[in-house]
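Student: I would like to go through this model by question and answer. Shall we begin?

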Amino acid sequence: MSNGTSRFKARLFMVVFMFLVTFVCISVVSAIHLQSRERVERNESLYLKRGIMAAAGVDVPRDGDLVLAWYDACVTPVPDTGQAQWYDIREPEGRTRRAVVFLREGAGLWGTIRAAVGMDRDLQRFTGIAFIA
């Protein structure tokens with residue numbers, strides 16, 4: 001009988017130990033996720049804005065604050081009308097159109113591919129393309 005009891009205790013110990021290790025790991029991962037969520041969202045937004053900038057044919061600076069300042073001054077998002085979301089890109093003074101950037105999505109091997117495709121103000125030539133996701 002003591003042999004059966006020791007086996008039960010060993011199995012119970014193993015289950016409790018695995019539960020505690022799992023609980024600790026999940027708690028650590030959840031804490032890291034909650035701590036870094038805002039940074040991840042900011043980086044995703046910055047990555048999209050850099051892609052729009054590159055597709056418009058503008059040299060992309062390394063400094064994220066310069067990208068955000070350019071985006072706020074020169075880019076006007078146009079709501080999705082069922083075809084594709086697009087952005088009106090103007091010169092820094094805001095009067096003349098520099099380019100138009102369209103966001104397009106398509107099926108890829110492991111998931112959706114998202115690209116920013118830029119065209120000049122007359123929609124005659126490509127100004128650039130950037131793959132976002």
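Student: Is Cys74 buried or exposed?
Tutor: This is a predicted model, where local features need pLDDT of at least 70, side-chain atom pairs count only at pLDDT 80 or more, and totals for chains, interfaces and linings use all residues. Residues are numbered from 1 along each chain as its sequence is written, and side-chain values use heavy atoms, with hydrogens and water left out. Buried means under 20% relative accessible area, exposed over 50%, and partly exposed in between (1.4 Å probe, protein chains only). Cys74 has a relative accessible area of 3%, so the class is buried.

Student: What is the relative accessible area of Cys25?
Tutor: Cys25 is classed as partly exposed. Its relative accessible area is 45%.

Student: How many disulfides are there?
Tutor: A disulfide needs a pair of cysteine sulfur atoms within 2.5 Å. By this rule the count is zero.

Student: Which residue of strand 2 stands opposite Val75?
Tutor: Strands are DSSP runs of E, at least two residues, numbered from the N terminus. Two of them pair if DSSP finds at least two bridges between them. Strand 1 (residues 75-78) and strand 2 (residues 85-90) run antiparallel, joined by four bridges. Opposite Val75 stands Ile89.

Student: Which residue of strand 3 stands opposite Asp88?
Tutor: Strand 2 also pairs with strand 3 (residues 97-107), antiparallel, over six bridges. Facing Asp88 there is Val100.

Student: What is the phi of Leu123?
Tutor: Leu123 sits in the loop between strand 4 (112-120) and strand 5 (126-131). Leu123 is partly exposed, at 43% relative accessible area. It is not a glycine, yet its phi is positive, about 60°.
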